[in-house]
Amino acid sequence: MSRAQQNRVAITGNEAVALAMKQVEPDVVAAYPITPQTDIVQYFSSFVADGEVQTEFVTVESEHSAMSACVGAAAAGARAMTATSANGLALMWEVLYIAAGLRLPIVMPVVNRALSAPINIHCDHSDSMGARDSGWIQLYSEDAQEAYDNILQAVRIGEHPDVLLPVMVCLDGFIISHSLENLKVLDKEQVTAFVGDYRPDARLLDAKRPITVGALELQDFYFEHKRQEAEAMVRSAPIIEAVADEYARLTGRKYSFFEAYRMDDAEVAVMVLNSAAGTARAVVDQLRRRGVRAGLLKLRVFRPFPGAALAEALAGLSVVGIMDRAEGLSAAGGPLFVEVRSALLGRPRHPLVLNHIYGLGGRDVGPDQIEQVFADLLRAAEAGEARQQVTHIGVRD
Amino acid sequence: MTTLKELAARPERLSGGHRLCAGCGASIVIRQLLAAVDNPMVVGCATGCLEVATTIYPYTAWRTSYIHSAFENVAATISGVEAAYKALRRRGAVAEDFRFIAIGGDGGTYDIGFQALSGAMERGHRMLYLCYDNQAYMNTGIQRSSATPLGAETTTSPVGSVLPGKSRPRKDLTAIIAAHDVPYVAQAAPHRWRDLVTKGKRALDTDGASFMNVLAPCPRGWRFDPAKTIEILTLAVDTCFWPLFEVSEGRWTLSYRPKEKVPVAEFLKVQGRFRHLFKQQNREVLAAAQAEVDRKWEALLRRVEG
Ligand SMILES: Cc1ncc(C[n+]2csc(CCOP(=O)(O)OP(=O)(O)O)c2C)c(N)n1
Ligand code: SF4
Ligand SMILES: [Mg+2]
């Protein structure tokens with residue numbers, strides 16, 4: 001594949017998502033509005049109204065029905081997509097597991113927003129983190145460019161015959177969804193060629209070969225199928241790499257499981273998901289100018305969790321701060337922290353691991369907060385121990 | 001289809017060997033309905049007795065394409081299948097003329113699946129939604145639903161020292177769906193099989209959403225001898241407890257008028273779930289059950305004549 005000519009456009013994160021969906025042109029989109037995802041549904045409705053896509057757009061009466069309609073459509077043999085945020089994702093919860101368990105490669109942008117209560121419309125990751133064990137692949141996006149690129153790759157990853165799992169593409173509500181950004185996009189034809197066709201082995205709409213989907217499985221079969229599902233998640237890792245390679249050849253933009261920024265000789269680093277990476281990168285640069293060997297690890301793929309590679313990447317540090325934009329509410333720290341720490345366990349040498357919970361409900365995270373995290377990390381590195389393992393930053397006492 | 005012989009000669013789309021109880025109304029309803037269809041079809045089923053008993057992996061009783069997703073979402077699931085069909089047909093990926101049927105029990109339809117059903121009807125997907133109404137959550141052990149009649153004993157409306165079974169009358173779901181102004185709505189019962197098959201055909205020939213509510217006695221939950229399913233159905237209809245009618249393009253018509261309206265007690269007394277109503281202290285509940293049947297029947301007659 002040769003490098004594609006790309007167009008520069010200035011659009012918001014939600015427009016970028018809607019554009020990716022328009023270019024993929026799924027057979028079925030079933031979606032329901034919720035802030036901050038609403039623009040996506042509205043843009044897509046206009047594409048349908050203007051005849052720019054042939055997609056069947058199902059204006060369902062709830063997110064539970066949105067995901068249910070996607071399940072029906074995908075099982076029927078169609079490429080299906082939806083998009084949601086926060087409470088909408090929570091309402092889908094039951095059906096998320098069904099989509100994954102039935103091995104239906106639905107693609108869903110999730111515009112991250114805090115879960116109620118208190119009701120709040122702004123960004124944090126409590127919504128997608130709540131769905132982390134539902135059998136969905138989860139890709140996180142720092143900005144609109146990454147959200148666009150991730151959606152196109154998500155279609156290929158999920159539909160790969162070795163995978164057949166649904167994929168969530170997460171981006172930060174308002175911070176990214178509503179900000180204008182310059183990005184490079186492909187032409188529709190290039191996207192069509194890249195994503196190819198969805199050709200499931202069996203489908204409901206095969207008149208010659210009717211099938212039963214969603215049978216009851218008891219003690220005798222359920223476990224085997226769940227293990228197959230778990231194995232598919234493991235098998236998705238090399239597919240994610242291969243799709244990223246192919247995408248890089250097409251666009252010049254290379255993705256991996258995570259981005260290691262100035263990590264080669266780093267002694268102290270933070271790890272983040274999504275938009276906070278931009279701010280963290282600037283703080284790292286500043287600290288480097290002051291002679292601090294600081295680094296940043298930006299995780300792109302949370303499911304499948306790249307534990308071994310992460311442990312490798314973090315091995316040389318004396319301390320790492322895992323920044324969670326979600327409270328675990330578990331008395332054991334945020335979800336990212338818990339997973340990274342368990343990935344490090346049993347390694348001959350590993351850094352001190354601290355957890356910093358930030359930005360809940362859209363609380364702004366500026367360079368000062370990330371500097372504060374680094375200060376805490378450096379203190380811990382010097383003392384050889386953490387004063388406190390889990391710290392909430394940017395919050396009033 | 002006019003004779004039983006013809007009906008019996010139709011290909012069997014729900015094979016034997018499933019695990020529904022002997023005398024279960026649900027399987028009779030579904031076999032009759034599927035006999036009305038010549039086209040290839042996709043059937044969706046909500047969680048419930050019919051679903052668990054017909055698709056125990058690695059077996060399936062369905063000789064059609066079939067999908068089960070969850071309890072409350074069969075209408076939405078089939079909405080997605082139907083949308084997929086339109087899209088795939090448009091791009092030439094499906095050639096056949098498919099039909100779509102969503103099936104739910106009364107729990108999956110009147111209660112937890114009500115929102116998804118209402119949405120699908122309003123959007124006008126070309127599907128038949130069929131409710132097999134056995135008047136309680138049978139699969140989980142006979143709990144009351146909003147289809148459970150006044151006075152019936154279930155495990156969540158037990159007869160106690162102060163309460164005489166369910167305290168509220170049934171929700172009139174058929175009328176509620178008719179109020180959605182979908183092109184075709186009908187109420188049926190499988191002892192009048194020709195009526196049921198005809199209504200199924202009309203529903204499936206409808207270019208849009210259609211709905212059928214079909215009474216499906218449950219020998220276990222209603223507590224009667226499994227050999228008596230058809231007798232019980234006859235009484236349900238002849239007492240006007242379960243009237244047969246259709247609403248086609250907004251016009252209400254009666255499909256059957258009993259020659260003589262039998263007292264509802266005749267229907268109730270043959271079922272264990274109503275046994276307590278015949279005790280002296282529950283006379284008022286029995287009278288209220290009759291009054292409820294009369295009130296609904298008269299309202300229906302007004303609609304039919306109006
Ligand atoms: C969300 C959810 N809540 C509860 C259940 C448990 N459940 C399964 S089937 C059922 C009752 C089904 O009743 P109905 O729809 O009337 O069908 P029937 O079993 O009577 O044929 C219930 C409560 C479930 N599967 N899913
Ligand atoms: S419990 Fe009732 S509804 Fe369920 S299979 Fe048995 S007879 Fe049919
Ligand atoms: Mg029931």
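Modeller: Let us begin with a charge over a ring: K22(A) lies over the face of F47(A), at 4.6 Å from the ring centre. This is a predicted model, in which local features need pLDDT of at least 70 and side-chain atom pairs pLDDT 80 or more, while totals for chains, interfaces and linings use all residues. Side-chain values use heavy atoms, without hydrogens and water, residues are numbered from 1 along each chain as its sequence is written, and chains are lettered from A and ligands numbered from 1 in the order in which they are written.

Colleague: What makes K22(A) count as lying over the face of F47(A)?

Modeller: The term requires NZ of Lys or CZ of Arg within 6 Å of the ring centre and within 35 degrees of the ring normal, and K22(A) is placed at 4.6 Å from the centre of F47(A). R281(A) likewise lies over the face of Y261(A), at 5.7 Å from the ring centre.

Colleague: Why is the pair of F221(A) and Y57(B) called edge-to-face?

Modeller: Rings of Phe, Tyr and Trp (its six-membered ring) pair if their centres lie within 6.5 Å, and planes under 30 degrees apart count as stacked, over 60 as edge-to-face and the rest as tilted. For F221(A) and Y57(B) the centres are 4.8 Å apart and the planes stand at 75°, which is edge-to-face. F221(A) is in the loop between β9 (212–213) and α8 (222–251) of chain A and Y57(B) in the loop between α3 (49–54) and β2 (65–68) of chain B, so the pair joins two chains; helices (H or I, at least four residues) and strands (E, at least two) are DSSP runs, numbered from the N terminus.

Colleague: How do you know whether F221(A) is buried, partly exposed or exposed?

Modeller: Buried means under 20% relative accessible area, exposed over 50%, and partly exposed in between (1.4 Å probe, protein chains only). F221(A) has 27% and therefore counts as partly exposed, as does Y57(B) at 28%.

Colleague: What makes Y85(B) and F98(B) an edge-to-face pair?

Modeller: Their ring centres are 5.8 Å apart and their planes at 65°, so the pair is edge-to-face. Y85(B) belongs to helix α4 (residues 74–90) of chain B and F98(B) to the loop between α4 and β3 (99–105), 13 residues apart. Y85(B) is buried at 9% relative accessibility, and F98(B) is buried at 3%.

Colleague: Why is helix α2 of chain B described as largely enclosed?

Modeller: Nine of the 11 residues of this helix (residues 25–35) are buried, so the rest of the structure largely encloses it. Among the buried residues of α2(B) are V29(B), I30(B), L33(B) and L34(B).

Colleague: How do you know which residues coordinate the magnesium ion (ligand 3)?

Modeller: Donors are N, O and S atoms within 2.8 Å of the metal (3.2 Å for Na, K and Ca), and sites may look incomplete because water is not among the atoms. D106(B) (OD), N134(B) (OD1) and A136(B) (O) coordinate the ion at 2.0 to 2.1 Å. D106(B) lies in helix α5 (residues 106–111) and A136(B) in the loop between β4 (128–133) and α7 (173–178) of chain B, so the pair ties together parts 30 residues apart in sequence. D106(B) is buried, with a relative accessible area of 0%, and A136(B) is buried at 4%.
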